[in-house]
Amino acid sequence: RRERASLSGMADPRLKQNEVILEGWVYDLDAFGSSHPGGAGALNIFGGSDATTHYYMLHPHQQLRTKALEPFKLRKAEEPTGQKAALGDSAFLLNTKAYQDLKQRVRKAIPYQFATWEWYAKAVAIMALSAYLEYDSVASGFALWKSALLGVLMAMVGLCIQHDANHGAVSQKGWVNRAWGFTQDWIGGSALLWKHHHVLMHHAETNVEGDDPDITGELIRFNKLTTWKGHHKWQAVYTWALLPLLPLSWHFKEVWDLAAMQHCDRKMSSMARQEALFALAFRIVFIVRFYAIPLYYHPTLHTAACLLTCLAVGGAYLGVNFVISHNFEGAKSVLDTADRSKHTKRDWAFEQVETSSTVGGRLLGFFHGGLNYQIEHHLFPRISHVHYHKLKPVVQQWCLDNGIKYTYYRNLPENIASCYKHLSLLGNAKQIG
């Protein structure tokens, strides 16, 4: 079987909003929704995109299920034109023999990939304690320690609960994943925007400058192809100071993103319009619950300080976890030049390993939702994080067998220090590579 280059999950002008490309063929995504085992709602973000990368990333089987998809096939996809003709939006070979081999090894090591009793017990405990702290703060009065603890718990909702759920890793049943996925809206985020940003864009195009929203932007230079500016000299310092501010940006800026159906400078599929309306309603409820009610019953500067403490702790907890995952000494930049026609395509799985790092072990994974196992997570995002400690030795051996660099840090301080050096290097050199 010939290994093909991906066209990426970026919006495709050749498609209608209810269409999707898989392996060069256009399918009716709307019609297929009623037959999809994970439910129609899981497909909405992919409307109008080439989702071949996502198909192999999210499914354990090794080939496209052409027989099941045949009734929904519409036509052969047209060849891309213009700037995207040489490479498309992405730079990978998909579904290679090496990745198929890894899938076989993982299936033997982890026959059941979804959440276990450990996951459900932790999820219920986190949700119950966070809800109680919110209630107790309003009923009995705010305290900085309670707000700081609530910030940690809200971050753990994002890391340990919604992250698995919105990747479809909690259960084979779509409604179970959707129900737990709405915990992202409970903490002031949006399951829809998170899937659009994280699943559709970041996971498919990790460390591809211009395509991965996590490294694309002018404020922080995460990639050597990002234009250098004077303020980047200080980014190794100010990046960490910005992380506690993230929740404020999410809570309010995303209201406009949901209303406009656009996020990370990319239009969302119109198939997700109803979900966006629900997300707007959830956001209004959150703002009333988290900001308005506490300040109404306790209109003091102390209350405001407690709310800001909660946001800062939660933002720092989440932000540090993600900024160190793909930004460290030796982190792979997928593209070596802005001219994509000069790029040599590599195995998507190889690139996922070399653009990510793993830190610590199972104990850290308990509190970080397994996202300290970032390499394992990026290779298999639809496996629940409770299995990542078993996945790590399998992936490490596969990397050895294929000559792929596996970056591991023993603890968080090591990983953070490496990230600091990486940011310093990119901030003090106008051209690297």
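**View 1. Phe 380 and the residues it touches in this predicted model.** Skip the neighbours within four places in sequence, and Phe 380 is still in contact with Tyr 99, Leu 102, Lys 103, Val 106, Tyr 388 and Leu 391. Phe 380 also belongs to the largest nonpolar core, a group of 57 residues. Along with Phe 46, Leu 102, Leu 379, Leu 391, Val 395 and Trp 398, Phe 380 is listed there as having the most contacts inside the core.

**View 2. A second, separate core.** This one has 32 residues, including Leu 159, Cys 160, Cys 310 and Val 386.

**View 3. The second largest pocket.** There's about 940 Å³ of space in here. Its lining takes in 41 residues, and His 36, Gly 38, Leu 43, His 59 and Arg 382 sit closest to the centre. Elements giving two or more residues to the lining include β1 (19-22), α2 (52-58) and α6 (144-166). Sort the lining by class and you get 20 nonpolar, 15 polar and 6 charged residues.

**View 4. The largest cavity.** Searching the whole structure turns up 3 cavities of 30 Å³ or more, and the largest holds about 70 Å³ of space. Among the residues around it are Glu 118, Arg 362, Tyr 373, His 385 and Val 386. Helix α15 (residues 362-368) gives the most to this lining, with 3 residues.

View 5. Asn 321, Ser 325, His 368, Leu 371 and Asn 415 are among the lining residues. That lining has 4 nonpolar and 7 polar residues, and no charged ones.

How values were computed:
Residues are numbered from 1 along each chain as its sequence is written. This is a predicted model: local features need pLDDT of at least 70, side-chain atom pairs count only at pLDDT 80 or more; totals for chains, interfaces and linings use all residues. Side-chain values use heavy atoms; hydrogens and water are left out. A nonpolar core is a set of buried Ala, Val, Leu, Ile, Met, Phe, Trp, Tyr and Cys residues joined through side-chain atoms within 4.5 Å. Buried means under 20% relative accessible area, exposed over 50%, partly exposed in between (1.4 Å probe, protein chains only). Contact means heavy atoms within 4.5 Å. On a 1 Å grid over the protein atoms alone, a cavity is a set of points where a 1.4 Å probe fits but cannot get out, and a pocket is an open set with protein on both sides within 12 Å along at least five of seven lines; lining residues have an atom within 4 Å of a point. Grid points are joined across faces, edges and corners, and a volume is the space filled by probe spheres set on the points. Helices (H or I, at least four residues) and strands (E, at least two) are DSSP runs, numbered from the N terminus. Ala, Val, Leu, Ile, Met, Phe, Trp, Tyr, Cys and Pro count as nonpolar, Asp, Glu, Lys and Arg as charged, and the others, Gly among them, as polar.
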